[in-house]
Amino acid sequence: MDDNHTDENPDQSEESVGSEGADSDTSPDTESSLEAPAEVPEEDAPTISEDDVESLPDSDIDELSEAQYSSQKAMTLLAGQQVYEFENIYTGSHSGTRLTFVEEDVSSGGRHAFYESNAVGDWIEFSFEAGEGTYQLDLRIKQFKNRGISQIYIDGSAVGQPLDFYHLTARHIDTEIGQITLDDRATHTIRFEVIDKNPDSTGYILGLDAMVLTKQDTLLVPDAPVNLKTGIQSDTTVNLDWNPAVYSSGATIESYEIFVNDVLSATTPATKTQYTVVNLTPGTSYSFKVRAKSQGQIYSEFSNTIQIETMSGVYVYEFESLEEVTHSGDRLSRIEENVSSAGKHIFYESNAAGDWIEFPFAAEAGTYQLDLRVKQFNNRGISQIYVDGTAIGHPLDFYNPSARHINTQIGEITLDNRATHTIRFEVLDKNPTSSNYIMGMDAMYLTKQTQPAAPHAPTNLKSDIQSDTTINLEWIIPLQEPGVVIESYEIYQDEVLAATVVGTKTFHTLTGLTPGTEYSYKIRALSQHQVASELSESISVTTLSGKLIYEFEQLPGITHSGDKLSMLEESKSSAGLHAFYEANAVGDYIEFPFVAEKGAYQLDLRIRQFKNRGIAKITVDGTTVAESLDFYNLTSRHIDTEIGQITLDDRATHTIRFEVIGNNPASTSYILGLDAIYLTSISIDTYEPNDTPETATVVNALQTYESYISSKTDVDFYKFTASEGDTYFLTFQSPSDHKYKLELLNANKQPISVIRQTHGRDEDVSFYLAKNSFVYIKVSSLNGDYSFEPYRFRITPAPTKQYVYDDANRLTKTEYVQGLYRYQIQYEYDRNGNLLKKNVLRTIITP
């Protein structure tokens, strides 16, 4: 199972150890935007504006703060509504910097309370009098861009959802908070506690205008929770989650009640919409439903009912429940999460290779399939797993770009009869893109094995032939145990299942790959009982780049002199197939059309030789490029052979023709085996090889560079190092009517700027570099476009401008160099010294 969900936000940056909250000492921080310094509020000017209040001298502030009203009773009664002005019911209790009362025409009663809280945890409390009963609580507040988010409490109990006082522009709003029930105490309290602020807000201020209580004659029935579902269950637990009840009825939710088989099992607060039901029986079906309860003790209808069966036939161990855990000393937390088995998982903040954590568990002697449920993220390590001191399976990579839980097969283990066993995770390394070595461990599954023996793993996995978009794999299957039959093979590409091949084959061609890209491969066998072998050793293979590759079997519109043409599958053939043309006499021919741009190329061929082959003359567009190519060899083999240089004109379609002119005296026939064409541009690609950052061409400032994208897979890399800390300007120009992509990469080869260049238009980009730091400049084809016209670019430091003035001290000319161009700006004035026009002359700087 792969449960994708929202990325984690640990409480420390990815350069340091991340945290997931829960049982640890600190809770995870949410992401927040970096804000500019707070600006002076741009509100409509009241009699005493909030801007004025913030700038008043201390004596004035004290005077305003002390101008309080002693009445705690409602000042207005309107159609059953009791209206309380916050500036009249304040009793002098708050934690923050200061409280002032601001006059404003749009404020209820002409004033509102302006509470300058400045941090999470600040609070302010007001007292009021109201009779016992149930009320609808509404507020009138003042919003602005420097406001916080507050939780509201009535007599110490949280009411409604947190209230965001943020708005880009200043405004008063009336907002419904929810239903409250007041007891018979003489005086009640309403408290506002700052819990956060909007990412766009510059402060935590609260603007409080008025409170309105409306007596409720009839208690409102809350709406039912919806979309009850389960994401994960174990043998004794089921995780439930649901969507909150819709507040269309106006009722305020106090809690949710979870029913198992129609019996109340648990109650959760309204803020929690997930729950793990525990102590269930393995292999047993249960029904679950949820209902909401309002603050008025009124119940909603039930949610949808779901039927779930707990797991059976498998022993489930929750890592967070295992006792006497030992580890190498880094921080260990237990994280609550609805997609974790039993609702929690272990978060172990290992931070270096060699760190470890070990869990004891009890199980009977026997052979088991060991599977794990783990939590992956972009700050995770790679771990080797040991059971009772023995390494099991391949190292397990906890890395993934986004947070997710996955179930993964580790392998088969055999446990002896000791009372307590151990499973140990030891950090070996981390993914190159991971920011740390953390491990997230959720659950361990042991399944007793009664199935037939597993097959032996394939061996000698290799790749002898690749193209720009294909890789051929082949392997050997060792002798199997009696009764084991290989039904299929699973091929994994970069740890993901890429293909399944029938058990009678021992080679496969992977297609649709990216030119010039490295891939990792491993393979395993599956028996007729679907028992998997161990994975083979992994190999890394890179697709070809920098040349045009044409597979003969894929070219459309083939013509020939009438003899039989077949496409044969073979492990050594490029892309897995080759053309088998059964010519049988001198004069027989076969012709293939292909498309390529005008230019000069090196022509190479991959052919299939054998003892029944002929000799062919090769022509391209009617011009002979090889007088004779002998396809004969005593044993069958594929070879790559250089044919020579060819020049293609600008016709839309070209042809390559093979005409039989004889055969080797030892050959028994005239057959031709044609596998692939390779065209490599030899025209003018100035700085090759520079297809990778490691082979990047070094470039300097104040020098113009010209080169070529000579094929759709060609990539050019350059490396620029700053001689001084400065802002640098790069101007890039592609050939007319061609589309290229320009990228700037940092020292870690991560993009810092991407420009899609179109139709020869100049593109300018600026960047700052510290002294001796560098960037990579990457130029590549966009949508397969390339040309034999050059692209050019030039880098310059921040320009030094030269100014020319006339006798009247008026600026008449400015000159400077930036990127590819020299700029001259001329200024013309009338006789009174007024600027009439400005002429800009731009001259390209050639190499």
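User: How many bridges join strand β16 to strand β19, and which way do the two strands run?

Analyst: Strands of a sheet pair through backbone hydrogen bonds, either parallel or antiparallel. Here, strand β16 (residues 253-260) and strand β19 (residues 285-294) run antiparallel and are joined by 7 bridges. Within this pairing, S255 stands opposite K293 in β19. Strands are DSSP runs (E, at least two residues), numbered from the N terminus, and two of them pair if DSSP finds at least two bridges between them. This is a predicted model, in which local features need pLDDT of at least 70 and side-chain atom pairs count only at pLDDT 80 or more, while totals for chains, interfaces and linings use all residues. Residues are numbered from 1 along each chain as its sequence is written, and side-chain values use heavy atoms, with hydrogens and water left out.

User: In what order do the strands of the open sheet of 4 strands stand?

Analyst: The order is β17-β16-β19-β20, with antiparallel pairing. At the edges are β17 (263-269) and β20 (306-309); each has a single partner strand, so one side of each is left without a neighbour in the sheet.

User: Which strands form the open sheet of 3 strands?

Analyst: That sheet has the order β14-β15-β18, again with antiparallel pairing. Its edge strands, β14 (226-229) and β18 (274-277), each pair on one side only. Strand β15 (residues 238-243) is joined to β18 by 4 bridges, and V238 stands opposite V277 in β18.

User: Is L137 buried or exposed?

Analyst: A residue is called buried under 20% relative accessible area, exposed over 50%, and partly exposed in between (1.4 Å probe, protein chains only). L137, which lies in strand β8 (residues 133-143), has a relative accessible area of 0% and is therefore buried. L137 and I177 are 40 residues apart in sequence, yet 5.5 Å apart in space, C-alpha to C-alpha. Contact means heavy atoms within 4.5 Å; beyond its neighbours within four places in sequence, L137 is in contact with several residues, including I154, V159 and M211.

User: How many salt bridges does the structure hold?

Analyst: Side chains of opposite charge can pair when their charged atoms come close. A salt bridge is a side-chain nitrogen of Lys or Arg within 4 Å of a carboxyl oxygen of Asp or Glu. The structure holds 40 salt bridges. In one of them, the side chains of E337 and K375 meet at 2.9 Å, N to O. E337 lies in the loop between β23 (332-336) and β24 (344-348) and K375 in strand β26 (residues 366-376), so the pair ties together parts 38 residues apart in sequence. Both E337 and K375 are buried.
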